[in-house]
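Try each task before you read its solution.

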Amino acid sequence: LAVIGQIAEWQEHLLSQPGAAEPGAARELADTIAQINAQVARCRDITHNMLTFSRRSDAIYQDTDLSRLLEDMLRLVEREHRNNNIVFARDYAPDLPPVPTDPQLLRQVALNLLNNAAQAVGRDGTVTVSTGRGPRDAYIAVRDTGPGIAPENLARIFNPFFTTKPPGKGTGLGLSICLAIATRLGGNITVDSTPGAGACFTVHLPATPQTQAPEPERRPAP
């Protein structure tokens, strides 16, 4: 991919030289090179996500303020979608005790769910984030007013490479990675959705520190 990207960059340089091509051909070539660059970037993202999905790293547990972590990620998404007339509503639980988890891994989950919710809404809708705590677990939830998820897709949305987004708009690994991280942290993710009435993804986390399960032994194939 790096070699292809370098060749495309060199082609752009050659094309910028005076008299390199007729104006019409130059425009067509420039468009083609732009497509090469776009697809190289897309393939790079897919490869990166595949590596993240397959890589196992030890979680580093810290007492974490879930509401503050979610707010930090929400502000990033708000800036990105500020022109789409999306209302981002907050419903944070007051006086929520810190939760022992890995904040870096949890940020990745929260950001992915927030981006998915904003993309599902598109324009002129609402994304509501909330936090809370039950007797045994704490949670963060992201609810949107998008089109919802078809019943036949609910059982598949966490499968690697499954996506309902248009071609080129998603790799189908985001929710798989989120679920893998939540499981690694001793929790899980549930989804509640009705077609036409949006969707709500809830990340459940243990309220007490977890001992990470050892990675299963890998043996070479015979």
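Contact here means heavy atoms within 4.5 Å. This is a predicted model, where local features need pLDDT of at least 70, side-chain atom pairs count only at pLDDT 80 or more, and totals for chains, interfaces and linings use all residues. Residues are numbered from 1 along each chain as its sequence is written, and side-chain values use heavy atoms, with hydrogens and water left out.

**Exercise 1.** Find what valine 203 is in contact with, leaving aside its neighbours within four places in sequence.

*Solution.* Next, look at the largest nonpolar core, which has 40 residues. Such a core is a set of buried Ala, Val, Leu, Ile, Met, Phe, Trp, Tyr and Cys residues joined through side-chain atoms within 4.5 Å. Val203 is one of the residues with the most contacts inside this core. Finally, helix H4 (103-121) gives the most to the core, nine residues. (Helices are DSSP runs of H or I, at least four residues, and strands are runs of E, at least two, numbered from the N terminus.)

**Exercise 2.** Work out whether histidine 81 is buried or exposed.

*Solution.* First locate histidine 81 in the loop between H3 and strand S2 (87-91). Buried means under 20% relative accessible area, exposed over 50%, partly exposed in between (1.4 Å probe, protein chains only). Histidine 81 comes out at 9%, so it's buried. Beyond its neighbours within four places in sequence, histidine 81 is in contact with Ile86, Phe88, Asn115 and Ala118.
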